[in-house]
Amino acid sequence: MGECLDAICFAFPGKVAGKGRPRFSSRGGKIRTFTPAKTRAAETFVKTFGRQAFAGRAPFNGPVSLSVCMMVAIPKSWSRAKRENAYWVTAKPDIDNTLKLLADSLNGIAWVDDSQIADVHVTRVYSPTATIDRTMVSIESLRNRPRHAPNCDYHVDQYEFECTCGLRRKAA
Ligand SMILES: [Zn+2]
């Protein structure tokens, strides 16, 4: 979709499959691990869109933030009442498996290695107007994000917290 400063965004049709567990095979007494075909296909799909968005630009090489929003079409079979109340998606695959697949797929494209991901937002919601599922991905470099002062400390007050440098404040 485009590029703005230190962020790159793209969208693609479909939900993201969960990362499948590695499978094992033994041949001649040697145990080998391999990625299930379904996971490989899903990773290839994500890579295609990621490469297009980065358009030859080098992967980010510092800390990055990853935001993912999956907009899911409401199943046609659902009753009117169920459709009207549909918002949060709670279904398989688990959201952490989805995140893992995305993180691994974009190695060498969005980041050199997914260990660079230091901030994550993943949301999945039903869309009342969508006819197909869509996934939106935003990757932002954290290099120039405001930072806490080196001597910053946190004050925790019940469930709220603020920091001494003032970057993080309690809600008013
Ligand atoms: Zn601070």
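**Figure 1. Helix α1, end to end.** At 1.5 Å a residue, the 18 residues of α1 should span 26 Å, and its end C-alpha atoms lie 25 Å apart, which agrees. The expected span is 1.5 Å times one less than the number of residues in the helix. Helices (H or I, at least four residues) and strands (E, at least two) are DSSP runs, numbered from the N terminus. This is a predicted model: local features need pLDDT of at least 70, side-chain atom pairs count only at pLDDT 80 or more, and totals for chains, interfaces and linings use all residues. Residues are numbered from 1 along each chain as its sequence is written. After α1 comes Ala-55, with a positive phi near 45°.

Figure 2. Thr-39, Ala-42, Glu-43, Val-46, Gly-50 and Ala-53 are the buried residues of α1. They cover an arc of only 100° around the axis, which puts them on the same side of α1. The arc is that of the directions from the helix axis to the C-beta atoms. A residue is buried if 20 or more other C-beta atoms lie within 10 Å of its own, exposed if 12 or fewer, and partly exposed in between; C-beta atoms are placed from the backbone. The cover over the buried residues of α1 includes β2 (7-13) and α3. Exposed Ala-37, Arg-40, Ala-41, Thr-44 and Gln-52 sit on the face turned away from the buried side of α1.

**Figure 3. Helix α3 and its cover.** Helix α3 takes in residues 95-105, and its residues Thr-98, Leu-101, Leu-102, Ala-103 and Ser-105 are buried. Among the elements covering the buried residues of α3 are α1 (37-54), β5 (64-73), β6 (117-127) and β7. Covering rests on contacts: two residues are in contact if their C-beta atoms, placed from the backbone, lie within 7 Å.

**Figure 4. The loop at Pro-146.** Pro-146 lies in the loop between β7 (134-141) and β8 (154-157). Pro-146 is exposed, with 6 other C-beta atoms within 10 Å. Leu-167 is 21 residues from Pro-146 in sequence, yet the two are 7.9 Å apart in space, C-alpha to C-alpha.

**Figure 5. The two domains.** The assignment gives domain 1 (2-141) and domain 2 (144-172). Domain bounds come from an automatic or database domain assignment. Taken over C-alpha atoms, the domain centres are 31 Å apart. The chain has three helices and nine strands. From the N terminus, their order is β-β-β-β-α-β-α-α-β-β-β-β.
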